[in-house]
Amino acid sequence: MKCPFCQHDEIHVLDTRVSEEGDAIKRRRRCGKCDKRFTTYERIELSMPFVVKKNGSRAEYAEAKLRGSLMLALRKRPVAAAAVDDAVKSIAEKLLTSGKREVDSNYIGELVMGELKRLDKVAYIRFASVYKNFEDLAEFQDAIEEAGQERKRQE
């Protein structure tokens, strides 16, 4: 690290504390040359994996897109905003803890389907019909039966 005032690289740490929010380490430093003091903060930098789309292209993970997909499926359904927030957090957490630098969009789609199945069966069917590209009623019936069996197991 270099002094922000004189660019000298001999810096001494005078004090180390956890920040008031508890999300960073605050260090008070002093330059060995100009004797000026300054503060630095160390924060954890978490990086989400890149999303590999069906066509092979790569894109940054976008929480807004994920939330938009969930909200579209849940449109006019009695699901609290807090439950949607929890679902988005759960998916992001699973992506972070996967330890992968890249994930298939299919994997994210399956995570979304799992959360929707838990939140609202109708929204699950809506999402599944688009995601799995249903082409006839038999596929809808299979998805409905699957959601119904899941409900019976929970009871």
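1. Leaving out residues up to four places away in sequence, Ser-19 touches Ala-24 and Lys-26, where contact means heavy atoms within 4.5 Å. Ser-19 itself is placed in the loop between strand 1 (11–18) and strand 2 (24–31); strands here are DSSP runs of E with at least two residues, helices are runs of H or I with at least four, and both are numbered from the N terminus.

2. A word on the basis of this note: the model is predicted, so that local features need pLDDT of at least 70 and side-chain atom pairs count only at pLDDT 80 or more, while totals for chains, interfaces and linings use all residues. Residues are numbered from 1 along each chain as its sequence is written, and side-chain values use heavy atoms, with hydrogens and water left out.

3. Ser-19 counts as buried because its relative accessibility is 7%; buried means under 20% relative accessible area, exposed means over 50%, and partly exposed lies in between (1.4 Å probe, protein chains only). The side chain of Ser-19 also makes a polar contact of 3.3 Å with the side chain of Asp-23. Such a contact is a pair of N or O atoms within 3.5 Å, of which, within protein, one must be able to donate a hydrogen and the other to accept it, and residues adjacent in sequence count only if both atoms are side-chain atoms.

4. Arg-17 stands opposite Lys-26 of strand 2, and in the hairpin, which has five residues between the strands, Gly-22 takes a positive phi near 80°.

5. Strand 2 also pairs with strand 3 (residues 37–43), again in the antiparallel sense and over seven bridges, with Lys-26 opposite Tyr-41. Five residues lie between these two strands in their hairpin, and Asp-35 in the turn has a positive phi of about 65°.

6. The structure holds one aromatic pair. Phe-5 and Phe-38 form this pair edge-to-face, at 6.4 Å centre to centre and with 70° between the planes; rings of Phe, Tyr and Trp (its six-membered ring) pair if their centres lie within 6.5 Å, and planes under 30 degrees apart count as stacked, over 60 as edge-to-face and the rest as tilted. Because Phe-5 lies in the segment before strand 1 and Phe-38 in strand 3, the pair ties together parts that are 33 residues apart in sequence. Phe-38 is buried at 9% relative accessible area, whereas Phe-5 is partly exposed at 48%.

7. Three further strands form an open sheet in the order 5-4-6, with mixed pairing. Strand 5 (58–59) and strand 6 (102–104) stand at the edges with a single partner strand each, so one side of each is left without a neighbour in the sheet. Strand 4 (residues 50–52) pairs with strand 6 in the parallel sense over three bridges, and Val-52 has Asp-104 as its bridge partner in strand 6.

8. Glu-115 is found in helix 3 (residues 105–119) and is buried, with a relative accessible area of 5%. Its side chain is joined to that of Ser-90 by a polar contact of 3.1 Å, and, leaving aside neighbours within four places in sequence, Glu-115 is in contact with Ala-87, Ser-90, Ile-91 and Lys-94.

Definitions and conventions
Pairing = 2+ DSSP bridges.
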